[in-house]
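Please look through the structure below alongside these notes.

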Amino acid sequence: QVQLVETGGGLVQAGGSLRLSCAASGRTFSSVAMGWFRQAPGKEREFVAAISWTGGSTTYADSVKGRFTISRDNAKATVLLQMNSLKPEDTAVYYCAASVYSHAGSRSRFEYKDWGQGTQVTVSS
């Protein structure tokens with residue numbers, strides 16, 4: 001089992017940048033794919049980005065391609081989400097999740113076993 005804690009959320013103006021960090025604990029972290037999801041009030045939880053256990057394969061939602069970058073440092077047991085050119089529609093609670101697989105994560109939240117508590121990201125216009 002992987003324990004996850006997200007940090008780095010906050011309030012930023014449209015066009016700005018923010019970096020989210022997910023600190024993981026557990027012996028299996030380096031062997032599983034990781035993903036980021038987000039959920040806005042009244043909306044369903046949606047896929048944002050995923051990365052394989054080696055960091056060699058990444059997947060992004062079309063809505064964030066070219067703006068967000070997912071990365072990981074297995075030695076530090078950390079996964080990051082660098083968010084640039086933020087838009088008001090990016091406002092949501094962002095969740096870090098550990099997949100049941102080692103390859104690049106699925107876009108489906110049902111593939112993921114362990115979840116962090118979430119961190120709020122608010123983008124003002």
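1. The torsion about the S-S bond of Cys22 and Cys96 is about -85°, and the disulfide is therefore left-handed. The sulfur atoms of these two residues lie 2.2 Å apart, where a disulfide is taken to be a pair of cysteine sulfur atoms within 2.5 Å. The structure holds one disulfide. In general terms, such a link is a covalent bond between the sulfur atoms of two cysteines.

2. Cys22 belongs to strand 3 (residues 18-25) and Cys96 to strand 9 (residues 92-99), so the pair ties together parts that are 74 residues apart in sequence. Strands here are DSSP runs of E with at least two residues, numbered from the N terminus. Cys22 and Cys96 are both buried, a word that stands for under 20% relative accessible area, while exposed stands for over 50% and partly exposed for what falls in between, with a 1.4 Å probe and protein chains only.

3. Please keep in mind that this is a predicted model, in which local features need pLDDT of at least 70 and side-chain atom pairs count only at pLDDT 80 or more, whereas totals for chains, interfaces and linings use all residues. Residues are numbered from 1 along each chain as its sequence is written, and side-chain values use heavy atoms, with hydrogens and water left out.

4. How many aromatic pairs are there? The count comes to five, where rings of Phe, Tyr and Trp (its six-membered ring) pair if their centres lie within 6.5 Å, and planes under 30 degrees apart count as stacked, over 60 as edge-to-face and the rest as tilted. For Phe37 and Tyr112, the ring centres are 5.1 Å apart and the planes stand at 75°, so this pair is edge-to-face. Because Phe37 lies in strand 4 (residues 34-39) and Tyr112 in strand 10 (residues 112-115), the pair ties together parts that are 75 residues apart in sequence.

5. Phe37 is buried, with a relative accessible area of 1%, and Tyr112 also counts as buried, at 6%. Tyr112 and Trp115 have ring centres 6.1 Å apart and planes at 65°, so they too make an edge-to-face pair. Trp115, at 27% relative accessibility, counts as partly exposed.

6. One aromatic cluster is formed by Phe37, Phe47, Tyr95, Tyr112 and Trp115. The charged end of Arg45 sits over the ring of Tyr95, 3.9 Å from its centre, and also over the ring of Trp115, 5.0 Å from its centre; this wording requires NZ of Lys or CZ of Arg within 6 Å of the ring centre and within 35 degrees of the ring normal.

Terms used. Helices (H or I, at least four residues) and strands (E, at least two) are DSSP runs, numbered from the N terminus.
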